[in-house]
Amino acid sequence: MNQDDLANIAAQTKQNDNRYDHVIKVCVAAGCLSANADQVKTQLESELKQRGLETCCKVKGVGCMGLCAAGPLVAADANEKMFREVTPADASALIDSVMDDKPAPPAIVMDPQLDFFTGQKKIVLENSGEIDPEKIEDYIAADGYEALFHVITKLKPLGVIEQVTKSGLRGRGGAGFPTGLKWTTVYKAGGTQKYVICNADEGDPGAFMDRSVLESDPHRVLEGMAIAAYAVGANKGFIYCRAEYPLAVKRLRIAIRQAESNGLLGMNIGDTHFDFKVEIRLGAGAFVCGEETALIGSIEGGRGTPRPRPPFPAQSGLWNAPTLINNVETFANIAPIIRRGGEWYASIGTDKSKGTKVFALAGRVNNTGLIEVPMGITLRDIIFKLGGGIPEGREFKAVQSGGPSGGCVPEQYLDIPVDYDSLASVGSIMGSGGMIVMDETSCMVDVAKFFMDFCMTESCGKCVPCRVGTTQMHNILERISEGKAGKKDLELLQRLTGMVKAASLCGLGQTAPNPTLTTLRYFMDEYRAHIEEGRCPAGICHPVKVEEEAEVGV
Amino acid sequence: MLPTAKTISPPSEDKRWKIVDGMMRRHGHEPHALIEVLHTVQETFGFLTDDALKYVAVSLRVPYSKVYGVATFYHFFTMKPPGKHTCVVCTGTACHIKGASMLLNAVTEEAMIKPGETTANGNLSLLTARCLGSCGLAPAVVFDGQVAGKITTESIKRKVHAFLAEDELDSETLSVEEHK
């Protein structure tokens, strides 16, 4: 395939689509599918056929539209009309509304002008909810693979890296390492064999951005990986994806097959000398495998245990070869950066955090779902404007970002801008993008215990500070929630957090104390209520007050 | 230097071993294909047996100790046969905030099994998942591979009750068909 073929496919697809007066888009991402979106789609199709309208109205399965709480979602044409919680029984009324402009039942009508939709800025998700994720033609018609062709025919590897560096893009997996710098290191590393790995082991509980991108627009990730491979000089790539995401894996497999048969992956891509092959590797349910050296160990077929760095994977990674590891969302940003230039991307966001970030908004918030917002937006805007506030008139208590590595941010910091540095300054992290809202019904001791339980179970056991430290911290938190702890336990807990943070081998242990630290810092009164009064303010734990101060024992 | 690949025959006559063999061949019997192959075994047979681990170890030239280590390191692999139906309760953060532990208690109460256990009649296994990524639908539960969202203690009890009572249902439908 060459550039003309690509343009032909794009033109052909657009022409085919223009034959229809209307297009009805049904979300077929995992969220809506579990609310029977596939039945809605089938019913719409058969209804149109029955009325003989299948030649003027097309039903299309598309990726995630974002507002998962109101699924199954359906949108018509250029999203002028949107529908929520659609059931197969609504198909007829929905078609009437789209074709003849008749009013649809109020229960399924959704306002496309909701803050949830208008408050977003979409780069990574620009095709989500628009294209059919299982059709490469759809992606190509949306300027897909154009950036890859531009790169391999017109740019030198250093030219590509220059654009990525200029964009100011930082790793979207959580740590925020500058992507351009990482690419440069791998580019400069010696050796003939290099690898590109896409980290799709989205293990943070409460995060589903990567799953959604892979389910809604898998080709975007493949294109980003291919551009990266060209830039750093790799010819082989792996996508390490969670086995818990069967739909994402299925769509990735389809996408890889389609790209290979169109000459967009494999040997001599675009009739050039550039070769790039991609394979999928399934994770097997170990959170620690999100850490890059553990992930490499897992791809090599072993236990996912981290090893000390340096050497960094950029110098010595998979099978000791220089390896570039980026997260799904990072790769998804690459094609638009190349298409529109690094400067364009750098014009969005804040001084040190450029571009947009996808967040998975969940918990006690009205509009749970997926959003993409420019860096620098406030937490308040995310939760109360886009998220529509807290349900049932309850009080906001905290928002948890960054999963088990992040912290709980209380009300007084809701106006800080969302960027890597501001979130770190209040003890949390940007993380991969999970954002869990909590209201007065959540107990912060319970939340800290929940995350510590997670880290304790997920600790790989290789280094002592993490293996033993998380267990001891969990035991103390459990004692507190049961009302069996004394004041000395609090001091010990504080000391342990510092120790585990400083002495652990990898990111899992180093960040495991964060949820505990932030809850200790901002919600000390709740800890005191458990310990001193034997009372859980949220009514989640059932502490039983012990009169004698409990003995501390580790 | 690795020893050359040994060809040994599968642990049993079961035709499904052909699927596992095919997967190993596709990866050229490379030791690093271990996790991929274990996935195939579990997908094919439902769980990993000791015999299967030994067979994979010899075929891929990986020490049995390492195969066992890998199989037990990852939560996704199980060495216990699953029940006829599975009920996986998501215990991710969003689901936890929205009461996943209450759902687990409800199942325990209804079916008398704890997470990781199977009912005595083999009808139902109760499992937990770290996060399904369906946080928009919290609390979420997977019944026999189908994700269901916004589950309540009542709805999960109903579902579990139906699973447990299935044997009787099966015999009823059978007898209806016989009458026809």
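A helix axis here is a line fitted to C-alpha atoms over the stretch in contact, and angles between axes run from 0 to 180 degrees between N-to-C directions. Helices are DSSP runs of H or I with at least four residues, strands are runs of E with at least two, and both are numbered from the N terminus.

What you see above is a predicted model, in which local features need pLDDT of at least 70, side-chain atom pairs count only at pLDDT 80 or more, and totals for chains, interfaces and linings use all residues. Residues are numbered from 1 along each chain as its sequence is written, while chains are lettered from A and ligands numbered from 1 in the order in which they are written.

I start with one helix pair. The axes of helix 10 (residues 209-216) and helix 12 (residues 246-261) of chain A come within 8 Å and cross at roughly 35°. Which residues of the two helices meet? From helix 10 of chain A they are Arg211(A), Leu214(A) and Glu215(A), and from helix 12 of chain A they are Leu247(A), Ala248(A), Arg251(A) and Leu252(A). Contact means that C-beta atoms, placed from the backbone, lie within 7 Å.

Next, the domains, with bounds from an automatic or database domain assignment. Chain A has domain 1 (18-112), domain 2 (144-343), domain 3 (356-439) and domain 4 (444-532). The C-alpha centres of domains 2 and 3 of chain A are 27 Å apart, and 15 residues of domain 2 touch 16 residues of domain 3.

Now helix 16 of chain A, residues 379-386. Leu379(A), Ile382(A), Ile383(A) and Leu386(A) are buried there, that is, 20 or more other C-beta atoms lie within 10 Å of their own, with C-beta atoms placed from the backbone. Seen down the axis of helix 16, the buried residues fall within an arc of 120°, so they line one face of the helix; the arc is that of the directions from the helix axis to the C-beta atoms. They pack against several elements of chain A, including helix 5 (115-118) and strand 10 (356-363). After helix 16 of chain A comes Gly388(A), with a positive phi near 75°.

Last, chain B. Its assignment gives domain 1 (17-73) and domain 2 (85-172), with 30 Å between their centres, taken over C-alpha atoms. In chain B, 32 residues are in contact with 38 residues of chain A. The elements giving two or more residues to that side of chain B are helix 2 (34-45), helix 4 (64-73), helix 5 (93-97) and strand 4 (146-148).

How values were computed. A residue is buried if 20 or more other C-beta atoms lie within 10 Å of its own, exposed if 12 or fewer, and partly exposed in between; C-beta atoms are placed from the backbone.
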